[in-house]
Amino acid sequence: MALPSCQQCALRRALCSTTVPTRHCRAAVIRGYLTAAVSLLTKMAELGAGSLLTGDPAFSYQEHELNERLKRLYPAVNEEETPLPRSWSPKDKYSYIGLSQNNLRVHYKGHGKNHKDAASVRATHPIPAACGIYYFEVKIVSKGRDGYMGIGLSAQGVNMNRLPGWDKHSYGYHGDDGHSFCSSGTGQPYGPTFTTGDVIGCCVNLINNTCFYTKNGHSLGNNLMKNDLRPNLYPTVGLQTPGEIVDANFGQQPFVFDIEDYMSEWRAKIHSMIARFPIGERLGDWQSVLQNMVSSYLVHHGYCATAMAFSRATETMIQEDQTSIKNRQRIQKLVLAGRVGEAIDATQQLYPGLLEHNPNLLFMLKCRQFVEMVNGTDSEVRCFSVHSPKSQDSYPGSPNLSPRHGATNAHLHSTGADSPTCSNGVTPTNKNKSHNKYTGVSSASSSPSSSPSSVNYSESNSTDSTKSQPHSATSNQETSDSEMEIEAEHYSNGVTESSARIMNGTYKHQEILQADDSSVGNGVADDSCSSRQLCGGNQAATERMIQFGRELQALSEQLCRQYGKNATHKKMLQDAFSLLAYSDPWNCPVGQQLDPMQREAICSALNSAILESQNLPKQPPLMLALGQATECVQLMARVRSGSCSFARVDNFLH
Amino acid sequence: MMACLLEAPLRISVLSEVTATSRHYVDRLFDPDPQNVLQGVIDMKNAVIGNNKQKANLIVLGAVPRLLYLLQQSSSSLELRTECAVVLGSLAMGTENNIKSLVDCHIIPALLQGLLCSDLIFIEACLRCLRTVFISPVTPVQLLYTDPTVIPHLMSLLSRSRHTKEYITQIFAHCCKTPEHQTVLFNHSAIQNIAPLLISPSDKVRMQALKCFSVLAYENTQVSMTLVNVLVDGEQLSQVFVRMMQRDKPIEMQLTAAKCLTYMCRAGAIRTDDNCIILKTLPCLVRMCSKERLLEERVEGAETLAYLMEPDVELQRIASFTDHLVSMLADYFKYPSSVSAITDIKRLDHDLKHAHELRQAAFKLYASLGSNDEDIRKKITETENMMDRIVSGLSESSIKVRLAAVRCLHSLSRSVQQLRTSFHDHAVWKPLMKLLQNAPDEVLVMASSTLCNLLLEFSPSKEPILDSGVIELLCSLTQSDSPALRVNGIWALMNMAFQADQKVKVEIVRALGTEQLFRLLSDPDTNVLMKTLGLLRNLLSTRPHIDQIMSSHGKQIMQAVTLILEGEHSIEVKEQTLCILANIADGNTAKELIMTNDDMLQKIKYYMGHSNVKLQLAATFCISNLIWNEEDDSP
């Protein structure tokens, strides 16, 4: 089934009669470049190592470990706002302190005659409150002459010619006597003494504002202070006699103490606190509020039948009448199917004046229409195909096939981008038709052998399509309402940014969705990319597209004259037109636009505009509430309420 | 007065009414139409749910034998038999008296017989009822083991359903109380059958399976050694237990998993320096002692921790600085707290019920913590009011608390510093002496052992104890049937005689009597023999004392020495005996007892040529003392 890669490329080149390297080839080239770059970087790192005093080729690996661990331990921390401590600060230290090993090793270089020679160093950044619980460890490499070492915390500006704990706003656990110092020159008996070879940890609990130390992985118990911790404390160590050397571990290595277990206890505590939040007498109120939220959400997105069934079961009222919901549903479906032209027509027909009053929205829609023309999805170009567009599956590569994913997941994006186009455009490789199992849906023709660039996908999809065959036979014309209901679970909302994040499933999740989708009956089982050509490869369609582009340009100029320059419009137009500059628009820097997921934003904007014109809320209350909850949790971090780290909204969305 | 008169007949009428309806339910069980009987049982089921009075009434009216009869009749429909089992299970859910009545009606064999049926629903109903009966403290667990076919049959039913898993493991967990029970279950592959249940999706099944392992492994080397090699889904059992101790798991699960690992460790199946003990089990048990836990959990946590670290000084050191354990335990003595006494009767009741248990658990844990390390002992005695608490604990009414308190005191009495300071300051010897007057053997052993330490030469308590007539008491201990008490008694006397006044020595010899002394010299317990020899040696020190004692008891002592030297004894015993001989040789007049005894001189000569260096030395020491002259001594 899978052709050798070079053969694939050859085949493709022959088919497309183009000399531009295909994506497949390019990937190989890029891989080559990357390998070269990595080896070069490694060499550079080795060369630079001398100056870094490490001589450690595993440094970048360690850096990677650090990032992974910090992300796992403190998922709620936004490092752009509040960076985490990663090393000692070469600036924020007393002169008797020397740093080495990437600013992780601290040694004493003063005289060490008496306490006046004490010296401290702070970490580069204070502990962000969004950590909830923060932890770092220090290994005593050598206790030096007397082992007068202090490990703890201090605020910005506390005198560095001292050990942590002696002064106000500083806290420390001292090795020589095992005492704990809390902003005072006299310590309290706290734990055992520590010396060479010991690993001392310091844990800050920003939920109950306490702190405790550990020795060799054993918790020494809560410190005497309670609710006394100042905000913005820095990890700090202090040394006082010659020969004292300590190494910090801010997450570069696994911790000796099982901090994750400690965190899990607090996570469980906070979750049970939320679960047991008393609502007392208002139980009834809560229920009706929740029911209204669900109902309004369903109505907003036009899941008409579900909304009706829900309102019947819960005896809630629906403000909007059914026809209106169905109209919106129809328009949304058109947009999501990429048939933007039809959507514009329908809107103008059903809601006269709406688009005239919203020139920005109209412009956005038209831009999208242009993009869909490039895609070969819009009816204005599709009508040139031999088959009636109506007979095609109405959701080619609809967003539910490829739910949104964070920009970080490039791999998923590329697969998502693969899926849409193929299903719609008229494939020139008609000879494959004989292999195709859906004889009625010619556009979906994509036998595995004809899809060289993504053998794996087509393979898996071909099995999918077998399963979905009975459905696809019935799912022509306008998708029935009930079908919409089922699909709705997957793509849906896309209203606020937060919702997008919420919808992001894991990779596995997506696979499940895909399987679901095909069984639902979209029959979009054709991810083959061989058929992907500008406007479906039809000459007339291309001409129509170019003409439409000119009209769009004219509209833009008109709007410019009328309302003044609009940078967003300009960018939008530029991006859309840029697609034509590439021989393979789907694999170009602006190819992202062709992703069917991009339809969601415009779809929800149009939906909101319609609702607003009907004097209905443009956002469903459920999404507002979610957004508010997310904001609140972020706000908690800013006002230093540590529990925010264990009360994240996405923990409660499944 | 009026009210009283009115009320009495009213109550009677209500009662008779209730009895009448109850009787109706029972009567229907005897209906000739089986369909009516079934309906009657179903109605009865609905009537008894949550109604203890109704349950008691039905039992009094004899419903149980009839239900059991119906349950056992193979002519009854399965539905009827199942409903009968359900009603019986419901009756068992009532008071302890209900359970007693059910057991008296031989419900257990009847239900066990029912398990042979092939119908799963019926089996589950029988198991549910059996479970309820067996977890009651009034049911003799032995009933599970009387028929040897029961355990294998239960094992075979184990995997039938989620419910059979839960009920059967729960029965095992409650009915495994002795090493014999452990062996029976072990021999019927309990471990292999139950281990997979530890990863069951049901919380209840997991929990009961875990409990089974904790009771199976307790003080059982065979089980523990097997457990370490068991794999559950490719994972070592100890790692499964470690996961169950994670802090977000239910407390009961954490605690029980920690118990399993503790028992495995104590049985030698897991090393004490294994990370799963040092970094997981120990901290988990320390957490169980914290104030946030329920009183029951704190008791179990402290007892288990005490047991875990008893033999290992490193674990004791780690525990002593983990989470301020030593001061955390001080809180165990604050129940019932004065605040709760005023505000909340229910709370007070709860506190009172657990107060003894808490105190004894804390004493046990302190005892374990302080058994080896001097610094830890110091830390314990410096805990708020610690010595006062021990002193009052020694005279508490609860025997468990007294025993634990004296164990704690014993552990601390190993510290020279504490003997010299806090022990004397708090006059701990007083309650200790009182405790020794009248106590069961296990307390006596601990108390006398503590007394041994208090009677050490450098202990300032020695004098007052001597004055309180301790010698008679110790002498009576040496006549005890328990070897441990005999050792402690003679040991204490030995300590007392060390560098003692002539008066004390004479008193000891008098009180003990030479007859008893010689009886002890032929004691079957080597420890007793050694300490008795030690006592003799201590008595026979400094020249005047030697001469005096030998002049009065010389003959017997020489006889005893001869006997031991001629007997089959260990090197240590013989060495000790030769040392006594050396002491005798040091006397002025006593020396003659050896010099005039040719046989004895031959013996000394023999030991001088013995292959063992220790014995050679002791014999040489003897000779050296013999040839030493008073005259030479004072030139």
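In chain A, eleven residues of domain 1 are in contact (heavy atoms within 4.5 Å) with eight residues of domain 2. This is a predicted model, where local features need pLDDT of at least 70, side-chain atom pairs count only at pLDDT 80 or more, and totals for chains, interfaces and linings use all residues. Residues are numbered from 1 along each chain as its sequence is written, chains are lettered from A and ligands numbered from 1 in the order in which they are written, and side-chain values use heavy atoms, with hydrogens and water left out.

**The two domains of chain A**

- Domain 1 covers 63–273, while domain 2 is made of 286–383 + 536–645; these bounds come from an automatic or database domain assignment.
- Taken over C-alpha atoms, the centres of domain 1 and domain 2 of chain A are 51 Å apart.
- Put together, domain 1 and domain 2 of chain A bury about 730 Å², with 58% of that on carbon and sulfur atoms. Buried area here is the accessible area (1.4 Å probe) that two parts lose on being put together, summed over both.
- A:E81, A:A129 and A:A130 supply 43% of the area that domain 1 of chain A buries against domain 2 of chain A, more than any other three residues.
- The rule finds zero salt bridges between domain 1 and domain 2 of chain A, a salt bridge being a side-chain nitrogen of Lys or Arg within 4 Å of a carboxyl oxygen of Asp or Glu.

**Where chain A meets chain B**

- On this interface, 16 residues of chain A are in contact with 14 residues of chain B.
- Chain A and chain B bury about 1300 Å² between them, and carbon and sulfur atoms give 50% of it.
- A:H218, A:D261 and A:E265 supply 40% of the area that chain A buries against chain B, more than any other three residues.
- The rule finds three salt bridges between chain A and chain B, including one that joins the side chains of B:K280 and A:D258 (2.4 Å, N to O).
- Seven residue pairs are in polar contact across the interface of chain A and chain B, both at pLDDT 80 or more.
- β12 (218–222) and α4 (259–275) of chain A each supply at least two residues of the side that touches chain B, and α4(A) gives the largest share, six residues. Helices (H or I, at least four residues) and strands (E, at least two) are DSSP runs, numbered from the N terminus.

**A covered helix in chain A**

- Helix α10 (residues 359–375) of chain A has 17 residues and reaches 24 Å from its first C-alpha to its last, close to the 24 Å expected at 1.5 Å a residue; the expected span is 1.5 Å times one less than the number of residues.
- Of the 17 residues in α10(A), 14 are buried, where buried means under 20% relative accessible area, exposed over 50%, and partly exposed in between (1.4 Å probe, protein chains only).
- Just after α10(A), A:G376 takes a positive phi of about 85 degrees.

- A:H174 sits in strand β7 (residues 170–174) of chain A and is buried, with a relative accessible area of 2%.
- Not counting residues up to four places away in sequence, A:H174 touches several residues, among them A:M149, A:W166 and A:F194.
- B:V509 belongs to helix α33 (residues 502–512) of chain B and is buried at 16% relative accessible area.

Technical notes:
Polar contact = N/O pair within 3.5 Å; in protein donor to acceptor, adjacent residues only side chain to side chain.
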